[in-house]
Amino acid sequence: MFKPYFNQLVIREKLLFMQLSVLAIGMLIVFVATVTYQYISYQRELMQDLHAQMALIENNVGSAIAFDDSLAAGEILQSLSTNPSVDQAYIVLNNHTRFAGYDADKLNVGNQTSSASNSDIHLQQTITVNNQQVGVLYLNANVHRVNARIQVFALALFFAVMFAMLLARVVSKRINQILTEPITYLESLVTNVTKFNNYSQRSTIQSEDEIGALSIGINSMLDNIKMRDDKLVEELKHRIVVERKLDQLAYYDSQTKLPNRHAFTEHINQATGKNRAHFYLLMLDLDFFKVVNDTHGHEAGDQLLAQCGQRLRRILDEDDTVFRIGGDEFAIVLNAVTTIRDVEKICQRIIHAISQKFLINGQEIAIGTSIGIAQSSSGGSESNLIKNADVAMYWAKSAGKNTYKFYSEEIERANFHHQKLTTDLQTALKNEQFELYYQPIIHVQTSKIIGFEALLRWHHPVEGMISPNVFIPIAENTGAITTIGSWVIKQALAQLSRWQATYHPSLFMNVNISARQFFDKRVIDIVREALQETQVAPATVHFEVTESMLMEDVEKAVDMLTQLRELGTAIAIDDFGTGHSSMSYLKQFPVDTIKIDKSFVRGLPVDSVDTAIVEAIFALAKSLKLDVVAEGVETVQQLDCLKHKHCSKVQGYLFSEPVSAEKIESYLAKSSKLAHH
């Protein structure tokens, strides 16, 4: 049917028909190819964007997973909110638990559980930290924007083609020759743009006919594409800025501007991986930093950390690196030293620098630092190096703080022994390995026993008697001191009750309270319960606390002492003169007795300095109306000197060392017989 109709047309109409048919087919091909390519391009662009964002998140979320910081991971996932094509993203750890997530419908982060069944794209990417997989990032996205953009693009192109076809039909009869060449040219241009993605090319046709309009339309389309490319370049630059900011957050501490723990771990991994035999790792912990936070506030603590970082940076060479690895801990990698003596000099400079007073908000603050040192060894692992430096730092703190210690096998053995005692201590109370010893307190004028100090002893089944100087700090650090201290209070008061009933109701008992137990509010209830159970007079129970303990938190210490006094018990400051309290603080403390430390009694009456200190303490006690007990009396000369200074109460090896309850009862029985005679 088509052929007879075609044969009836004149040649002009046939040529027009053929031209228009060829033109229509050509434009259709261009249209389909362009739309198809553009659709593929939009999809590729979307996929590249999604993969780039997933790679960026994978690079930055590892540290958050390592520190179990789901909030930080959620904040990193929030960066996906800039891409409206993302429906949902979430992180699943190796244990199949959801760690953090992002849901576009809810516009927030967290462990979202909304469905992403309507999403067209489902991607996943493993998250690795130190070459180990720690989780999987899942991402669901839609192609709504791609479809919308391609529809607009196709519609615009369609109208352009239809318009060109209409104009071509009008003028094709006269300018068939002219029309063919520009079409070929434009087809070549579009082909080149499509093939090489070179959107800088433009049509040079400037005729005012339909071909010229088509040329302008193509150029306009290319301009729009070029503008899109320029916008993508700007977005890429913005992403680079964001990546740098994220890198800053991932590798640098915001308070001190020093490299953080993540950077430290990578640095040590690289350093140990090179089998370098001559670099030293210093682990630093600030002494009394908690006191600064509690007394002056966390803002002052942050300023103090920043100033510490500045001082450390000034001390070190450019080849050395200082890190803040968390809390009040710093780490230093020394690359510029080769001898132990050089390391010691640097440690001495660090201790001197940190010990200098800091000026925070107009107030002077003094702290110190304990340093542990470990040397890298060929083939040594990063974890062993850090562990060794940590062990050395622990012993530096145990040695009195504000000092440094090198790691050694001796320290390792001591640490192993310490860990074993820590384990054994957990069952010592249950296995009845603790016993209270008592040291008599003597009335100087009558030489009679008037009271006792209860002292804890640990009978270890293997090592025998363990010194309180060894196990009390362990109990403090592990928190076991609270349970042990409760047992001591109840045992001491029960023993006092028996002795008062048997020998004399005025006998009193001094009970030591450790720092951790003292600041635990439960101690008030424990004392109240023990007083009720034993029915001893509260005034015959004296609790001993140290100066340094009270100065940790003066306000809280005053509150705790007041509550103990309200129960009717008495308070004694132990080891007086060895702490760092001042007169203004001493007046605030509701205390009854001060105990002169044995280090001052030891020099009596020969040492003039000790004599002057003891006299000053007696004068102070008299002015504050406090009782005085002199500890560590070992010679008759010391006793005579104290008598001369009107000291009324003493204790020490001159009368008795700390002994068992049975031995004390023999003393009391003997004293009772002498009194009857």
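Phe323 is found in strand 7, which covers residues 321-326. The model described here is predicted. A search of the whole structure finds 20 salt bridges and 13 aromatic pairs.

**Salt bridges**

- Lys357 and Glu364 meet through their side chains in a salt bridge, with an N to O distance of 3.5 Å. Both ends of this pair are exposed: Lys357 and Glu364.
- Arg565 and Asp592 form a salt bridge between their side chains at 3.8 Å, N to O.
- Glu615 and Lys645 form a salt bridge whose closest N and O atoms are 2.7 Å apart. Because Glu615 lies in helix 21 (residues 608-624) and Lys645 in the loop between helix 22 (636-644) and strand 21 (649-650), the pair ties together parts that are 30 residues apart in sequence.
- Glu615 is partly exposed, at 40% relative accessibility, whereas Lys645 is buried, with a relative accessible area of 15%.
- One network, joined by salt bridges that share partners, holds Glu453, Glu544, Lys595 and Glu631.

**Aromatic pairs and cluster**

- Among the 13 aromatic pairs found in the whole structure is the one between Tyr394 and Trp395, which is edge-to-face, with 5.4 Å from centre to centre and 85 degrees between the planes.
- Tyr394 is partly exposed at 26% relative accessibility, and Trp395 is partly exposed at 22%.
- The ring centres of Tyr438 and Trp499 are 5.0 Å apart and the planes stand at 70 degrees, so this pair is edge-to-face. The cut-off behind that label is an angle over 60 degrees between the planes.
- Tyr438 in strand 13 (residues 434-443) and Trp499 in helix 14 (residues 480-502) are 61 residues apart, and their pair links distant parts of the chain.
- Tyr438 counts as buried because its relative accessibility is 3%. Trp499 counts as buried as well, at 1% relative accessibility.
- A single aromatic cluster is formed by Phe434, Trp458, Phe471 and Trp487.

**Charges over rings**

- Arg149 lies over the face of Tyr42, at a distance of 4.0 Å from the ring centre.
- Lys401 lies over the face of Phe288, at 4.8 Å from the ring centre.

**Nonpolar surface patch**

- Leu155, Phe158, Phe159 and Met162 make a nonpolar surface patch of about 410 Å².
- Phe158, one of these patch residues, lies in helix 4, which covers residues 144-171. The relative accessibility of Phe158 is 40%, so Phe158 counts as partly exposed.

**Strands 1 and 2**

- Strand 1 (residues 86-93) pairs with strand 2 in the antiparallel sense, over 5 bridges. Within this pairing, Arg98 in strand 2 is the bridge partner of Val92.
- Strand 2 (residues 98-103) has 5 of its 6 residues buried, so strand 2 is largely enclosed by the rest of the structure.

**Phe323 in strand 7**

- Phe323, in strand 7, has a relative accessibility of 2% and therefore counts as buried. The cut-off for buried is under 20% relative accessible area.
- Phe323 and Gly309 are 14 residues apart in sequence, and their C-alpha atoms are 8.4 Å apart in space.

Technical notes
Residues numbered from 1 in each chain as written. Predicted model: local features only at pLDDT ≥ 70, side-chain atom pairs only at ≥ 80, totals over all residues. Heavy atoms only, no water. Salt bridge = Lys/Arg side-chain N within 4 Å of Asp/Glu carboxyl O. Buried < 20%, exposed > 50% of the residue type's maximum accessible area, 1.4 Å probe, protein only. Helix = DSSP H or I, 4+ residues; strand = E, 2+ residues; numbered from the N terminus. Phe/Tyr/Trp six-rings, centres within 6.5 Å; stacked < 30°, edge-to-face > 60°. Lys NZ or Arg CZ within 6 Å of the ring centre and 35° of its normal. Patch = residues over 30% accessible without salt bridge, like charges linked within 9 Å, V, L, I, M, F, W, Y side chains within 5 Å. Areas by Shrake-Rupley, 256 points an atom, 1.4 Å probe, with all protein chains shown as cover. Pairing = 2+ DSSP bridges.
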